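Let's take a walk through a protein model together. Have a look at the picture first, and then read on.

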Amino acid sequence: MNKQFYQQKQHGQKKPWGYRGNKPPRINPNTPTKQEPAQKQSFMSKAQQFIGFGRPKTGKESIRIIPIGGSGNVTKNMFAYELRYDGLVRDILLVDCGIGFPDADMYGVDLVIPDTRYLADKKQYIRGLVFTHGHDDHIGAIPYIYPKLGNIPLLAPPLAAAFANVKLKEAKLHVRVKAMQFTDTITLGPFKISFIRMTHSVPDTSHLVIETPLGIFYHGSDFKFDFDPLDGKKSEIEKINAVGNRGVLCMLTDCLGSERIGFTPSEQKIRDAIEKELAMCPGKFLFTTQSSNISRIQLAIDIALKNNRKIAFFGRSVNKNVEEAVSLGYMKFPRDMIVRDRDLKKMPSSKMFLIVAGAQGQPESALTRMANDNHMFVTISEGDTVMYSADPIPGNENSMNTVI
Ligand SMILES: [Zn+2]
């Protein structure tokens, strides 16, 4: 995985659009004002009236991209695009706000969040926060960090917005993430943002095209090319082409496993693996995957129903995400095939298909408690199968192995 970022400076370029309208330039009171020659001043004020550029041409604009959650690791994704004028911060766009997972030696730590102290004295310049997709390492820290950011707009593709709103609701915050469509273009201060649909292990994953007065930035958060996705919604490669043809000043991209030669198998391949294991299982079948991977959960449900097994969900994250996905129409299954946890004991094990949270070996998860024989309703016994359908997020291998 390579996460790249650059500091780009380009001066005196033709601006694509005048985002400040006819407003006068913002002046930092600490900067001594430079007097322009009288003739030049009058020309500029006329030009400003007609062209709409708010700032005199003497200034130097630059952009800094700051990985608030760090760079080179997989999680805690959070980026600031910082537009500067004469070296002074003017406008900040934030992208993502994700959690990280504690290392084995971080005793008593449940999760790790990006260190946002850098933004503390720049709140007034933050124009908004856009999420790329609904994975926890992109949305999970928002309940902890939003109160530190001030009252800023939060925007995301529909499913990511729904997942993030679950977290905000749980934290008893009243702000909500606004769901954007992939055809939408949004303007936040000088930043104009549009979405490109990408395939990933969660539906509604997006890359962002960020237009700035200095040029176009392509924010390509993690993804995988799946030419046969379970939900049938393919990556919008033609949009990537189009933005490439317009010219991209800087591209950030992040794709786990991109150094491996070959192709990532399509999600469809997982169907065969689940069917094969289920056919060999005489007892309970426990299936675990990332709780945001609702396409894969839907696939597991379809296979379970075909094999006359009833479904039970375990774990808060799975329950909440499935509930949201059903209400948005991303998942469908007959309600009468779902069994409540306490009713399981009335059923033979061979009729059970349990979808369990905790694929990353999280210490308090349902799967960890079941593995430790510490769960109220489920004990794993001989003849049962536990199917892991998740790659470890780098750093989580130890906790996953402990559960196994
Ligand atoms: Zn992701």
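Along the chain, the donors of the zinc ion follow the spacing H-x1-H-x64-H-x21-D; donors are N, O and S atoms within 2.8 Å of the metal (3.2 Å for Na, K and Ca), and since water is not among the atoms, sites may look incomplete. This is a predicted model, where local features need pLDDT of at least 70, side-chain atom pairs count only at pLDDT 80 or more, and totals for chains, interfaces and linings use all residues. Residues are numbered from 1 along each chain as its sequence is written, and side-chain values use heavy atoms, leaving out hydrogens and water.

Which residues hold the zinc ion? The protein donors are His133 (NE2), His135 (ND1), His200 (NE2) and Asp222 (OD), at 2.1 to 2.4 Å from the ion. Histidine 133 sits in the loop between strand 4 (126-130) and helix 2 (136-139), while aspartate 222 sits in the loop between strand 10 (215-220) and helix 5 (237-246), so the pair ties together parts that are 89 residues apart in sequence. Helices (H or I, at least four residues) and strands (E, at least two) are DSSP runs, numbered from the N terminus. Histidine 133 counts as buried because its relative accessibility is 0%; aspartate 222, at 12%, counts as buried too. Buried means under 20% relative accessible area, exposed over 50%, and partly exposed in between (1.4 Å probe, protein chains only).
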